[in-house]
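Here is a short report for a reader meeting this structure for the first time. Look at the sequence and the model, then read on.

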Amino acid sequence: MSRVKYGIIVLLLMLCAGACQEKPEEPVENQGTTAPTLTSLPEISQKPSSDPEEDLILIDEEHFGGKNFCAFLRSNYDLNQDGSLSEMERRAVKEIDYCRGTRHEVKDYDFSLGPEELKGFELFPKLEEVWIDYADRVVIRGAQLLKSFGSGEGCIREAVLEDCPNLETIFYTESSGNLSVRNCEKLYSYRNEFLEGTLSFSQTPDLHIEGAVHDVDITLDADAFLSCFDMRRLDAVTLERCEGEQLLLRIPPLETQIRWNGVKEDFITLAEGFPLLYIGEEAFQEMYSFERFDKIEDIYDDKGRKGYNICVTYQGKRESKESLSLYVDGVPEIEKLYLRPEKAEEVELYGYSPNKGVLFCTKWNLSLCYRTGEEDIVLGTLKNKQKQIWFIDGEGKPHFYESRKDALEDNGIRSTY
C-alpha cells in the first residue's frame, strides 16, 4: 500500500513540473495585432542597361524627315550600316554638309522627290556646323553646340532655328526664303547677298544683318543692326513710330518693311533735320586744324580791319587744304576759329538700329566762323569733295571714321567681312 502511495506522489510531482514549463505570454504591446500576410514580392527597379542598342535611333522619316536626307545620313554617318545611329556614332558628328559637290556627296539622290523637310539635328550632341543646299523646310531646335548654319548654291524655302544657345552665324549665298530665329542670344551675324522673303528674329540682341535689301519683310529686336550693301539715300526711306515700342522702316518703291521691337523712348531718329540734330561744331574740332598767315600786302576792309589768310587743313587720310580771308581788329586768335555744319548733302544710309545707332556717309557744307564776343564772323563755306563716314551711337553722340569697318568694330557691331 505504501508503494502505491509513493507512486501517486511521484506522478503528482511530475504533473506540477510540466505545468511550470508552459510557454511565456507575448508582450503586452504586441497583443491584439495581426502579422501581415506576404502575398507577393515588391518590384525592384532595374539598373539602366549598358547595352548600346538602348541608344539606337532609327534613320527614318519620323526622326530625320526626308528620304534623301535619311539616305545621306546612312551613307555618311551610319558606320556599321545597321540602319540606326548609336550614341557613339551621333557624338562623332560635328558637321553636317548636305550640299552638292562636297566630300559628303549625297549618294542615290532621288530628284523626283523634290525638296524635303529636314530635322533631327538636335540628336547630334556635338554638332557645330550645318550646311544645306536644297530643302523645303529645315527645323533645328535645341542644338546646344551649333555655331554656324548656312546655305550654298540652292534654296531653303523655310528655316526655323530655336533655342540654340551657341549659334553665332547664319550665311546664305542665294535667295533666303523665309527664316525664323528665336532665343539664339549669341547670334551676331546673318549675311545674305539678297535679303528676300519673311525674316523674323527675336531674342537675338547682338544680331547684325548684312545684305542687299529687296522685297523683304524683316522683324528684329531694337538692338539688332541692319547693314545695307546697296546704299540708300536718306530721302528714299521713311521711318515711323507704331503703337507700343515698335518702329517701322519702309523703303519704296520696293515692298520692303523692317520692324524693330522694343524701341526705347529716345531712339535715334532719321526724321527731318537728320543728321544736324546730332552733329554740331564740337564734332569737327579734331578733324581740322587752322593756321594764320599774313597776306603778301596789307589789305583792309571798308571798316578798316586788316585782312589775314586762314588756312584750314582736313587731317583725314586724304589731307586737303583750303584758305579763306578773315578781317579783324588786331591779330586773329586761332582758338577762336571753328567750323559749323550748315548742311549735309547726299546722305546715304549704311546701317541702322533704333537703339544702337546709325551709320551713314555724307558731304558737308561747313561754315568757317570766328568768335568775337558779339556776332560771330563767317569767313565763308567749305564744301567737302569727299564723302565722310559717321556713326551716331545710341546716346546720340557723333563719331567720324575713315572706314565702315572701323565704325562697326568701334561700336561693338561684329561683321563677317
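## A cis proline in a loop

Pro 275 sits in the loop between strand E18 (256-261) and strand E19 (288-294). Strands (E, at least two residues) and helices (H or I, at least four) are DSSP runs, numbered from the N terminus. The peptide bond leading from Phe 274 into Pro 275 is cis. Its omega is near 5 degrees.

This is a predicted model: local features need pLDDT of at least 70, side-chain atom pairs count only at pLDDT 80 or more, and totals for chains, interfaces and linings use all residues. Residues are numbered from 1 along each chain as its sequence is written, and side-chain values use heavy atoms, with hydrogens and water left out.

## Positive phi angles

Asn 183 is not a glycine, yet its phi is positive, at about 55 degrees. The residue is found in the loop between strand E12 (178-182) and strand E13 (189-202). Asn 183 is partly exposed, with a relative accessible area of 24%. Here, buried means under 20% relative accessible area, exposed means over 50%, and partly exposed lies in between (1.4 Å probe, protein chains only).

Glu 346 also has a positive phi of about 55 degrees and is not a glycine. Glu 346 lies within strand E22 (residues 337-353). Glu 346 is partly exposed, with a relative accessible area of 36%.

## Nonpolar cores

In soluble globular proteins, nonpolar side chains tend to be buried together. A nonpolar core is a set of buried Ala, Val, Leu, Ile, Met, Phe, Trp, Tyr and Cys residues joined through side-chain atoms within 4.5 Å. The largest such core here has 90 residues. Those with the most contacts inside it are Phe 121, Ile 132, Val 138, Ile 140, Phe 149, Tyr 190 and Phe 201. A second, separate core has 10 residues. Its members include Cys 361, Tyr 401, Ala 407 and Ile 413.

What is Val 138 in contact with, leaving aside its neighbours within four places in sequence? Its partners are Leu 118, Phe 121, Ile 132, Phe 149, Ile 156, Glu 158, Ala 159 and Val 160. Contact means heavy atoms within 4.5 Å.

## Salt bridges

Side chains of opposite charge can pair when their charged atoms come close. A salt bridge is a side-chain nitrogen of Lys or Arg within 4 Å of a carboxyl oxygen of Asp or Glu. How many does a search of the whole structure find? It finds 17 salt bridges.

One of them joins the side chains of Arg 141 and Glu 162 (3.0 Å, N to O). Arg 141 lies in strand E7 (residues 137-141) and Glu 162 in strand E10 (residues 158-162), so the pair ties together parts that are 21 residues apart in sequence. Arg 141 is partly exposed at 40%, whereas Glu 162 is buried at 14%. Arg 141, Glu 162, Asp 163 and Arg 182 are linked in a network of salt bridges.

## Two further pairs

The side chains of Arg 371 and Glu 281 meet in a salt bridge (2.3 Å, N to O). This pair links distant parts of the chain, 90 residues apart. Arg 371 is in the loop between strand E23 (357-370) and strand E24 (377-383). Glu 281 is in the loop between E18 and E19. Arg 371 is partly exposed, at 33% relative accessibility. Glu 281 is partly exposed too, at 22%.

Glu 333 and Lys 336 also form a side-chain salt bridge (3.4 Å, N to O). Glu 333 is partly exposed at 34%, and Lys 336 is partly exposed at 28%.
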